[in-house]
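Please read the notes below with the sequence and the model open side by side. Each point can be checked on its own.

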Amino acid sequence: MSNILLRCLLPSVSPTLSNALLFTYSPFCYTGHCEIKNVGVHHNELSGFRFDDNAEGFVEGCESYNNKQYGMASSRSSSPTIVNSLFHGAESIGFHFSLKSSGSVKGCEIRNMRDGIFCDDWADPQVFGNSIHDCSVSGVKVGENGQGRFEENMIVGCDQGVVVHMAGSYPFFAKNTMRDSIQSGIHMEHASGGIFDNNEVFNNGLNGFTVENSACPVAKNNKIYNNKRSTKCFLFKTQ
């Protein structure tokens, strides 16, 4: 089966499944390009939305909350588009992109999660114009071999605004605001890399931009100011 268009206009999905909505090119599950609008998914054992095995989909105006692992998970070369939706609640991850998945997240609010967005394993999402706030670990985390393009996002009031760690990670951040973090606005470690261009980083509880343990970013045209722990724009550590 392929190229099936599924349109959902439901107020809520029953909170009794491991994944409330699962999209995959497997013949045993929803298949092809799916369009999901105005759906609430909550209290599921794994994910609110899951895209797997080259699945695509368009999600708009939805709410995903209090799911145990992920609000939305995309893996194995899937490419969903999520717009104007709300992800919140519980100690889960808002979005997890992994295993060469891509897709985009635009105009969403992501709040009160553990990590707002987590990207690893050669995933390369486009994350534009979102509000990410009050997350207990990080607003955005890029792990081993993670990539991604992050532009014009407001990352506010998280424990750390952006965390890039582990070898092979190389995201691109431009025109984002990282402010009011409990610790650093941006924290890089463990031989990670990435490009940071024209971001504004201020009012963070420790440093504006912490670089340690052989991390090696390219940083240019950033405004980094009024951060409490360090008077320097960068704090470099080697051990």
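1. Basis. This is a predicted model, in which local features need pLDDT of at least 70 and side-chain atom pairs count only at pLDDT 80 or more, while totals for chains, interfaces and linings use all residues. Residues are numbered from 1 along each chain as its sequence is written, and side-chain values use heavy atoms, with hydrogens and water left out.

2. The chain as a whole. The secondary structure consists of zero helices and 29 strands. Helices (H or I, at least four residues) and strands (E, at least two) are DSSP runs, numbered from the N terminus. Of the 239 residues, 54% count as buried, where buried means under 20% relative accessible area, exposed over 50% and partly exposed in between (1.4 Å probe, protein chains only). The accessible surface comes to about 10,200 Å², and 50% of it belongs to carbon and sulfur atoms; such areas come from the Shrake-Rupley method with a 1.4 Å probe, and for residues only the protein chains shown count as cover.

3. Contacts along the sequence. Among contacts between residues at least 6 apart in sequence, 42% join residues at least 24 apart. Contact here means heavy atoms within 4.5 Å. A separate distance in space concerns C34 and F58, which are 24 residues apart in sequence and 6.2 Å apart from C-alpha to C-alpha. C34 is found in strand β3 (residues 33-37) and is buried, with a relative accessible area of 2%.

4. Two strands pair if DSSP finds at least two bridges between them. β4 and strand β7 (residues 63-65) pair in the parallel sense over three bridges, and in β7 the bridge partner of V41 is S64.

5. Strand β14 (residues 115-119) is joined to β17 by four bridges, and the two run parallel; D115 has S138 of β17 as its bridge partner. In strand β17 (residues 138-142), five of the five residues are buried. Four bridges also join β17 to β20 in parallel, with V163 of β20 as the bridge partner of K141. Strand β20 (residues 160-165) pairs with β23 in the parallel sense over four bridges, and H165 has E189 as its partner there.

6. Strand β23 and H187. In a regular strand the side chains alternate between the two faces of the sheet. In β23 (residues 186-189), I186 and M188 point one way and H187 and E189 the other way, and all are buried. How is H187 placed, buried or exposed? H187 is buried, with a relative accessible area of 10%. The side chain of H187 makes a polar contact of 3.5 Å with the side chain of E189, and another of 2.9 Å joins the side chains of H187 and E212. A polar contact is a pair of N or O atoms within 3.5 Å; within protein, one must be able to donate a hydrogen and the other to accept it, and residues adjacent in sequence count only if both atoms are side-chain atoms. Not counting residues up to four places away in sequence, H187 touches Q160, V162, V163, V164, T210 and E212.

7. Aromatic rings. The structure holds seven aromatic pairs. Rings of Phe, Tyr and Trp (its six-membered ring) pair if their centres lie within 6.5 Å; planes under 30 degrees apart count as stacked, over 60 as edge-to-face and the rest as tilted. The rings of F150 and F173 have centres 4.6 Å apart and planes at 10 degrees, so the pair is stacked. Both F150 and F173 are buried. F173 and F196 also form a stacked pair, at 5.1 Å centre to centre and 0 degrees between the planes. F173 lies in strand β21 and F196 in strand β24 (residues 193-197), so this pair ties together parts that are 23 residues apart in sequence. F196 is buried, with a relative accessible area of 0%. F49, F87, F95 and F97 form one aromatic cluster.
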